[in-house]
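Biologist: Please take me through this model, and set each term against its definition as we go.

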Amino acid sequence: MAWDEWEQLKAEAAQGQSAHMQLNHVDGGGGGYSPSVLPSKTGDLKVGHGDLVKIGSAAHHLYDQLWDKARVATPSSDSAAGDLSKQGFALGAGLQHVSNRWEEQLKSLMDACAQISNHMQVTKTVHANDENYIQRQMSSIDALDDGFDERVGAPGKKNSVYGEKSKSDKKE
């Protein structure tokens, strides 16, 4: 969230206007949710390969941004906290506590971004493998069906899937 947006939300909250969030529907102008709109009537959730790539890429980009920009404050804050503590200021311990919490939260957020990015990579691979497996199974079922389907050959003719019998096959 950008700082300007954060400041705007804080100002609205101070004025008694809270930010609202709506989930699972689009407000049709009436301001309410209609329970008659069932998920089965609105369609199925579909996620394509491109969607997974975008999510993984965004998570990786956020991780990189956190690495480059959010870690910068920690060394200088730790140094300032140490200097303040050495000079006898109680503020030094407070600043060190804030710095430690910042580092913990930053690591947690970066781990979450890395997990999302990695999960999207794994998900793409797993779904691609599943699609290939299903396709192989379906094509083998098609070949099997051709062997049993009388409509493959012309009426009264042998099914061409089996081919012609050789003379050695006829003797047995």
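Biologist: Why is Met 138 called partly exposed?

Modeller: Met 138 has a relative accessibility of 46%. Buried means under 20% relative accessible area and exposed means over 50%, with partly exposed in between (1.4 Å probe, protein chains only). Met 138 therefore counts as partly exposed. Its place is in helix α5, where a helix is a DSSP run of H or I with at least four residues, a strand is a run of E with at least two, and numbering starts from the N terminus.

Biologist: What kind of model is this, and how are residues numbered?

Modeller: This is a predicted model, in which local features need pLDDT of at least 70, side-chain atom pairs count only at pLDDT 80 or more, and totals for chains, interfaces and linings use all residues. Residues are numbered from 1 along each chain as its sequence is written, and side-chain values use heavy atoms, with hydrogens and water left out.

Biologist: What makes the nonpolar surface patch that includes Met 138?

Modeller: Tyr 133, Ile 134, Met 138 and Ile 141 make a nonpolar surface patch of about 390 Å². Patch residues have over 30% relative accessible area and no salt bridge; nonpolar side chains (Val, Leu, Ile, Met, Phe, Trp, Tyr) are joined within 5 Å, and like charges within 9 Å. At 46%, Met 138 is partly exposed. Accessible areas come from the Shrake-Rupley method with a 1.4 Å probe, and for residues only the protein chains shown count as cover.

Biologist: How do you know that Arg 101 and Glu 104 form a salt bridge?

Modeller: The closest N and O atoms of Arg 101 and Glu 104 are 3.1 Å apart. A salt bridge requires a side-chain nitrogen of Lys or Arg within 4 Å of a carboxyl oxygen of Asp or Glu, and the pair therefore qualifies. The structure holds one salt bridge. Arg 101 and Glu 104 are three residues apart in helix α5, so about one helical turn separates them. Arg 101 is partly exposed at 39%, and Glu 104 is partly exposed at 46%.

Biologist: Why is Ser 117 called buried?

Modeller: Its relative accessibility is 11%, so Ser 117 counts as buried. Ser 117 lies in helix α5, residues 91–148. Leaving aside residues up to four places away in sequence, Ser 117 touches Gly 56, Ala 59 and His 60, a contact being heavy atoms within 4.5 Å.

Biologist: What pattern does the protein chain follow, and what share of its residues is buried?

Modeller: The pattern along the sequence is α-α-α-α-α-α, with six helices and zero strands. Of the 172 residues in the protein chain, 12% are buried.
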